[in-house]
Amino acid sequence: MLFIVPGIIFFRQATIDFLRVRFLRGLKNYMPEYPTENYYKIEGKALALNPINSPLKEKHCIYYDLSIQISRSHKGNETWNTIHNSTESDSFYVERQEETLLVIPDRKLRDPFHMYYQYWYANEPNSLPPSLQNFPEAQNSKSRFVYASLSENDNVLVAGWLGQNPESGSKQFEENPRFPLVVFKGNEEEYKTFSKQQSLKNLWLSLGAIGFGIIAFYFAAYPVLKKLLKRLFAQLL
């Protein structure tokens with residue numbers, strides 16, 4: 001039964017990814033004359049409000065997520081365990097033509113950043129960015145670095161609730177309970193492909209976990225239940 005629980009979790013995430021893309025497809029592309037207090041999507045350039053120093057790339061960024069993982073082998077199976085993780089993000093602007101809109105992600109509620117991750121393996125030192133070679137873990141041939149980021153001037157897709165700053169009256173994208181804010185490095189078509197891949201991955205993980213749980217229950221719990229039922233019927237008869 002323990003395997004069925006993560007299976008349900010994976011299925012729930014696959015459903016969320018599917019519904020998010022479906023909802024985004026129906027959103028209007030934002031135009032300057034559109035009113036606030038509604039849902040829109042916009043594609044443009046990302047501009048930092050308070051630039052963050054990336055630990056990986058020697059340039060300012062808006063968001064990054066870095067994990068250092070160690071490879072462990074058990075009975076011929078390799079697994080990757082995370083030994084270090086650092087992530088940081090801040091509000092930023094999305095610029096399209098002559099208009100800039102503030103984007104305020106609230107990662108305390110949920111992570112709105114959807115990114116492809118890059119992998120660097122320590123046993124391939126020539127492929128490591130110079131900044132990663134400074135990490136002590138880079139000396140371990142069984143380690144790898146997993147990294148995603150949103151940098152200045154990257155093309156970005158933002159979709160969500162367009163509100164209004166109560167003080168300045170300026171428009172801004174912000175979190176809303178009904179439809180979580182989406183920030184993706186790329187355009188809408190690339191995001192659809194990304195979400196489809198994530199949804200299928202979670203769906204297969206869900207089916208695998210649930211299937212394994214059913215098989216494990218059959219071979220482990222079923223014989224015990226069968227004996228208990230026989231004893232119960234014997235007592236009743």
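Is Y39 buried or exposed? The model is a predicted one, and in it Y39 has a relative accessible area of 11%. Because the cut-off for a buried residue is under 20%, Y39 counts as buried.

**Strand 4 and its partners**

- Strand 4 covers residues 60–74 and is mostly covered, with 11 of its 15 residues buried.
- Strand 5 (residues 77–89) pairs with strand 4 in the antiparallel sense, over 12 bridges. Within this pairing, Y64 has E88 of strand 5 as its bridge partner.
- Two residues lie between the strands in the hairpin that strand 4 and strand 5 form, and K75 there takes a positive phi near 55°.
- Strand 10 (residues 143–151) also runs antiparallel to strand 4, to which nine bridges join it. In this pairing, S143 of strand 10 stands opposite I70.
- Strand 3 (residues 52–53) is joined to strand 4 by two bridges, and these strands run antiparallel as well. Here N53 has H60 of strand 4 as its bridge partner.

**Aromatic pairs**

- A pair of aromatic rings is described by two quantities, the distance of the centres and the angle of the planes.
- The count of aromatic pairs in the model comes to 10.
- One of them joins F23 and Y39, whose ring centres are 5.7 Å apart and whose planes stand at 90°, so the pair is edge-to-face.
- This pair links distant parts of the chain, since F23 belongs to helix 1 (residues 4–25) and Y39 to strand 2 (residues 38–48), 16 residues apart.
- While Y39 is buried, F23 has 25% relative accessibility and therefore counts as partly exposed.
- F184 and Y191 make another edge-to-face pair, with 5.3 Å from centre to centre and 65° between the planes. Both of these residues, F184 and Y191, are buried.

**A charge over a ring**

- K28 lies over the face of Y34, at 5.5 Å from the ring centre.

Definitions and conventions:
Residues are numbered from 1 along each chain as its sequence is written. This is a predicted model: local features need pLDDT of at least 70, side-chain atom pairs count only at pLDDT 80 or more; totals for chains, interfaces and linings use all residues. Side-chain values use heavy atoms; hydrogens and water are left out. Buried means under 20% relative accessible area, exposed over 50%, partly exposed in between (1.4 Å probe, protein chains only). Helices (H or I, at least four residues) and strands (E, at least two) are DSSP runs, numbered from the N terminus. Two strands pair if DSSP finds at least two bridges between them. Rings of Phe, Tyr and Trp (its six-membered ring) pair if their centres lie within 6.5 Å; planes under 30 degrees apart count as stacked, over 60 as edge-to-face and the rest as tilted. A charge sits over a ring if NZ of Lys or CZ of Arg is within 6 Å of the ring centre and within 35 degrees of the ring normal.
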